[in-house]
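Look over the sequence and the model first, then read on.

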Amino acid sequence: MNRPLTRAVLALGSNLGERNDTLAAAVADLVDRPEVRLTDVSPVIQTKAVGGPAGQPDFLNMVMGIETSLDPYELLEHCQKVEAKHLRVREVHWGPRTLDVDIVVYGDVVSDDPVLTIPHPRASQRAFVLYPWALMDPGAELGGESVSELAIKASDFADIEMFDGYESQPAGAV
C-alpha cells in the first residue's frame with residue numbers, strides 16, 4: 001500500500017569525531033531509502049552545547065527537509081538506526097554525541113506521546129535548530145510563529161557561528 005508523502009523537518013547535530021563528515025554522511029544515509037526524499041538542506045552552523053554536562057565540544061548543526069511515506073514512528077526508527085550506524089551512544093542525557101537526529105515537525109501532526117513528541121518539544125526555543133531552518137526556508141512557521149523570529153528570540157542565538165567547512169586544527173598543527 002502506497003502512503004501519501006508527508007513533509008518533515010529533521011535536525012542533525014554532532015560534537016564528537018569528524019563532525020562535518022558525519023553530518024554529510026548522515027544526510028545521505030537518511031535519504032538512502034525509497035520512502036524518504038530529500039527536499040532541502042540548510043547550511044551548517046557551529047554552536048556551543050545547550051544543556052547537558054559542561055565542557056562539551058562545540059556542535060555542528062543543520063536541518064534538512066524531507067518528504068516521506070514512512071509514518072512518524074517508522075521515521076523515528078529510521079533516524080535512530082542512522083544514529084547507531086554513526087556510533088551514537090546514549091550514556092549521558094544531553095551529553096556529547098557523534099550524531100543526533102531529531103524529528104522537528106512531521107506534516108501537521110501534533111503528538112504529546114513521550115516516545116515521539118511532535119513538534120519537537122524544545123525546537124521553538126533552540127536557535128541551533130531554528131536558525132538553519134530559517135536559512136533553508138525563510139517562510140517556515142512553527143506553532144503559527146515565524147521560525148526566523150523565534151530564532152532571534154532564542155537564548156542561544158548569540159552563540160551561533162556559520163561553519164566554514166573546515167574542522168579546527170589544534171594549535172601547532174600543520
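## The cavity

The largest cavity has a volume of about 40 Å³. The structure holds 1 cavity of 30 Å³ or more. On a 1 Å grid over the protein atoms alone, a cavity is a set of points where a 1.4 Å probe fits but cannot get out, and lining residues have an atom within 4 Å of a point. Grid points are joined across faces, edges and corners, and the volume is the space filled by probe spheres set on the points.

Ala-11, Asp-102, Val-104, His-120, Arg-122, Ala-123, Arg-126, Phe-128 and Val-129 line the largest cavity. Strand 5 and helix 3 (127-136) are the elements that give two or more residues to this lining. By class, the lining has 5 nonpolar, 1 polar and 3 charged residues.

## The model

This is a predicted model: local features need pLDDT of at least 70, side-chain atom pairs count only at pLDDT 80 or more, and totals for chains, interfaces and linings use all residues. Residues are numbered from 1 along each chain as its sequence is written, and side-chain values use heavy atoms, with hydrogens and water left out.

## Helix 1

Which residues of helix 1 are buried? They are Arg-19, Thr-22, Leu-23, Ala-26, Val-27, Asp-29 and Leu-30; buried means under 20% relative accessible area, exposed over 50% (1.4 Å probe, protein chains only). They cover an arc of only 165° around the axis, which puts them on the same side of helix 1. The arc is that of the directions from the helix axis to the C-beta atoms. On the other side, Asp-21 and Ala-24 are exposed.

Methods:
Helix = DSSP H or I, 4+ residues; strand = E, 2+ residues; numbered from the N terminus. 1 Å grid on protein atoms, 1.4 Å probe; cavity = no way out; pocket = protein on both sides within 12 Å on 5 of 7 lines; lining within 4 Å. Nonpolar A, V, L, I, M, F, W, Y, C, P; charged D, E, K, R; others polar.
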